[in-house]
Structures are given as structure tokens and as C-alpha cells.
Amino acid sequence: MNKDSAKTAACLVLVLSWPLSVFFKGAVLATLWRWLVVPVFELPPLTTGKAIGLSLVVSFLTFQDVDVETPKRTTGETVTRALVHAFVGPLIALGFGWLI
């Protein structure tokens, strides 16, 4: 696979995984909300749709660019970091929420 087709494939993977990661983060937020916020503050539970919206708004308002001056990464490293950030972070949060 040449360099251009590898970059195209990586871009395609990221574009196709984005909706899945958005839904996953919303589902994790709705679950954590149901586990932690509803019993403590007696607030109504969040639906997954509303949790997705809330997650998108918070992500938009708190966006941080973490790779300001980092060395060049390969396309594979960049894709791996993006996928780990999109899926592993919410899984860790869900795990801690389950422990609490």
C-alpha cells in the first residue's frame, strides 16, 4: 500500500468511526448519569440522545489541542491515538463509575 492510499484509508477509518464514538460516548454518559447523578441529586435520567447532545456540546466547549509541538507521527500512530482517545477514555470512565 503506498503512502497516499494509506492516508486515504486512515481518513476513511476515522470518518466512519466518528459516529460510533459519538454514540458510544453518549451511551457512557447516560449510563454514568443514571448510576451517579440520578440517585445523588434526584435528577431525571438522561436519554442516550440527550446524552449524545450534551457530550457534543461539552466537547465543543472544552476542546483542547494536546499535540502542539510533538514529533511527526506515522499515519497508523495518529489513527491509533484517535481511536484510543475515542473509545478507551469512556471505557475507563465507565469502569470507575461502576466501581463507585
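Predicted model: local features only at pLDDT ≥ 70, side-chain atom pairs only at ≥ 80, totals over all residues.
In which helix does Trp 98 lie? A few friendly notes follow.

1. Trp 98 lies in helix H3; helices here are DSSP runs of H or I with at least four residues, numbered from the N terminus. Trp 98 counts as exposed because its relative accessibility is 63%, with exposed meaning over 50% relative accessible area, buried under 20% and partly exposed in between (1.4 Å probe, protein chains only).

2. Residues are numbered from 1 along each chain as its sequence is written, and side-chain values use heavy atoms, without hydrogens and water.

3. H1 has 39 residues and spans 53 Å from first to last C-alpha, close to the expected 57 Å (1.5 Å times one less than the number of residues). H1 also bends by about 40° at Trp 33, the angle being taken between axes fitted to the seven residues ending there and the seven starting there.

4. Among the buried residues of H1 are Ala 10, Gly 26 and Leu 32. The buried residues of this helix pack against H2 and helix H3 (75–99).

5. Just after H1, Glu 42 has a positive phi of about 55°. Leu 46 sits in the loop between H1 (3–41) and H2 (48–61). Beyond its neighbours within four places in sequence, Leu 46 is in contact (heavy atoms within 4.5 Å) with Leu 29, Ala 30, Trp 33, Ala 51 and Leu 54.

Note on methods
Helix = DSSP H or I, 4+ residues; strand = E, 2+ residues; numbered from the N terminus.
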